[in-house]
Amino acid sequence: MNTKSLKSDGDKGYDGTVEKLFQLTSHIPVPLCFINQSGCLVYANKAWHNFFTVDKESYNKSDQNNFIRLFSQNFAEIEFIEQFFLKCLRSSNNRDQYFLRSSPINFNRHAIIINAVSTAVFGERLWCWIFHDESEKVSLQNRLRESEERFQLAAQSSNDGLWDWHLKTDELYFSPRWLNMLGYSEEDFQNNLSDWLNLVHPVDKKELSKRLQEHLSKKHNRFRHEYRIQDNMGEYRWILIQGMLVLDENKEPHRFAGSQSDITEIKRMERQLIHDSTHDALTDLPNRILFREKINGLMQNCKDNPEATFALVQLNLDQFQLINNGLGHLFGDQVLTIVATRLNSLMTEQDVLARMSGDEFAILLTTAQTPETVGEFVAKLQNILAEPLIVNGQHIVLSAGMGIVIRNEEHTQVAQLLGDVATAMHHAKAMAPGSWILFTEEMRSHAINRIQLETKLRRAIEQKEMQVFFQPIIDYTTGVVKHFEALVRWFDPERGMIQPASFIPLAEETNLIIPLGEFVLRKSCQELMKWYAAGYKDIGISVNLSPKQFQQENLHERISTIIQETGIISGALTLEVTESQIMENPSHAIDVLNKLQALNVNVSVDDFGTGYSSLAYLKKLPINTLKIDRTFVMDLPHDHDDSEITKAIIALAKSLQLNIVAEGVEKKIQAEFLKAEGCTLLQGFWFSKPMPAVKVFDWMRSFSLKEKLAE
Ligand code: C2E
Ligand code: MG
Ligand code: MG
């Protein structure tokens, strides 16, 4: 064969049919060439030339041996052409796979895998060699093999159990760790899905199957799910399962594999945390958060059934503060625990009892309720609370103020229901101990008024709408003005002057009394300094102290600061504390009063006679004055009882060597009676109504007891 026979553009040694064949194949995009019996390249198509980027000329010039050598040198990792050619000579059809390089220039870089197919044509005079680039397919196979090996390695070393589901065969592989985790051995499993699903908690089975199916239908990228599975001890363990689909070359899922970890302990901690955040630590009852959630759940049901009813009861123990302060917090805690147990004993499965805060509990009666049924239930609550209680040898009888609300169509928000039941409870608390009351619409408007009033009051204090009025206390034997009592007034731009009875209780409840009280005290001391300056050196000032102020830890320090700031003589200041304030917590009161005495401030017991003080306590109290309450003075001297009480109080004050003042003197006859019984310090409208500071000087100048008596 001469060099001509290697021409790829046609060989004159072949007839026209072969020429046609060459022409036909010239544009086929698959690299192919024709080799003759002598091993010479007879024809190669364009794709072949492109694929091997051969130097046509050097091939055209080569003989049989040259071609094979050239080709092998340039492209073959092994001497594949020679071997392949020899194979061709032995049989007419051959298929082999070799490593080739697609181009001599890319010598090292581009190793490719060739599937060479040879077919004898024209009575084995020519062989058509067709090359397929199999590189991608082989590398895919390799990658798969590698990843399988990696998976095996991971399966052996990981703490997580691994699973691998071959979708075509439906075989499911579980790694030893997967089985171990649940205490199973390989024999326990048949490597199929139903073995696995049979162990899944009945509640979780449906969801797990659904999620697996969804993933298989490629709805989600990553598979991640939590479920419970039974271990070999019969216990259910929480499992986190994660997985991915492995796609084949046609992008079809052929494996579904992943891991699973035991998250039972994490779940337990999670549950504990949720429990702790939704339950009260002392009683283990649901707390306010969980209670709200439960109501919310019922409210959702009510959306479908707007007429559905349920009821809320909120209760606040009466006088728990006294128990807590008087007998100690540990004791208080024991009482609360007992209360929780007692209340709980009346609950049904569906009811919810919660501890809302301190001594406040709430009950959700989930079934339909009428005022009568709730009334009966509440009566039972009161009865069980009232059963005598002995804690650490102390006998206590408990009661509670209870508010009730029955859900109706107008209740659309949980907050609304809770607000209503709290409003009803506050109404009950304002009644006698152990009272209960059903919420009414009027209560809501009352509550709204209160909120509005609170906002206004806050603003009033900030914007200095408060004024201090002064009412004189006279020595009825001499006519000398001894004191002025400071009494606050609110000048509202819309409503004009408002009396303290309308806002002091609210100020007390909202703590606004603290800044208000300090304002009154400071203002009173400043006025006193003006009176001093004007020559009235013997006058004192009396300022009312509210229960909240009285409970303030640093009360004496704050008072001392105001005394220093304003420069008054502390002996000129009297603080009026009500009798009930003292009796609420006598030991605390003694403590506070001692500190005030150390400041040289006087203390007067206001509204005396209304607070049931015991003589034993009175003796111990560091006080200076008793102030007879106006209600006893009002009907003097005609009312027999009031006269007797007044006489007794005066006698008591004398025996305890205390000063005595009577307030509410409106008539001369009252003043005369009091003087005759030995009470000579008098305060009342008969002398003067409370007046603004600017009027005090004029009044002092013009006041004359003689004239008053002559009237
Ligand atoms: P209180 O401390 O017992 O004050 C005496 C009340 O009796 C005053 O009422 C006074 O105006 C009234 N009063 C005095 N003489 C007569 C009289 O002859 N007839 C009648 N009908 N009433 C008389 P006011 O000013 O309305 O104060 C009521 C209560 O409000 C006070 O009772 C006191 O408990 C409280 N309050 C007033 N100002 C303050 C304050 O600045 N701080 C605190 N914490 N409470 C205050
Ligand atoms: Mg007073
Ligand atoms: Mg009073």
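Donors are N, O and S atoms within 2.8 Å of the metal (3.2 Å for Na, K and Ca); water is not among the atoms, so sites may look incomplete. This is a predicted model, in which local features need pLDDT of at least 70 and side-chain atom pairs count only at pLDDT 80 or more, while totals for chains, interfaces and linings use all residues. Residues are numbered from 1 along each chain as its sequence is written, chains are lettered from A and ligands numbered from 1 in the order in which they are written, and side-chain values use heavy atoms, with hydrogens and water left out.

Select the magnesium ion (ligand 3). Its coordinating residues are Asp606 (OD), Asp607 (OD) and Glu663 (OE), at 2.1 to 2.4 Å. Along the chain, these donors have the spacing D-D-x55-E. Asp606 lies in strand β23 (residues 602–608) and Glu663 in the loop between β25 (659–662) and α26 (668–677), 57 residues apart. Helices (H or I, at least four residues) and strands (E, at least two) are DSSP runs, numbered from the N terminus.

Next, select Asp606. This residue bridges the magnesium ion (ligand 3) and the magnesium ion (ligand 2), which lie 4.1 Å apart. Asp606 is buried, at a relative accessible area of 6%; buried means under 20%, exposed over 50%, and partly exposed in between (1.4 Å probe, protein chains only). Glu663 is also buried, at 11%.

Move on to the magnesium ion (ligand 2). Glu485 (OE), Asn544 (OD1), Glu576 (OE) and Asp606 (OD) coordinate this ion at 2.0 to 2.2 Å. Glu485 belongs to strand β19 (residues 480–492) and Asn544 to strand β21 (residues 540–544), 59 residues apart. Glu485 is buried, at 3%, whereas Asn544 is partly exposed, at 29%.
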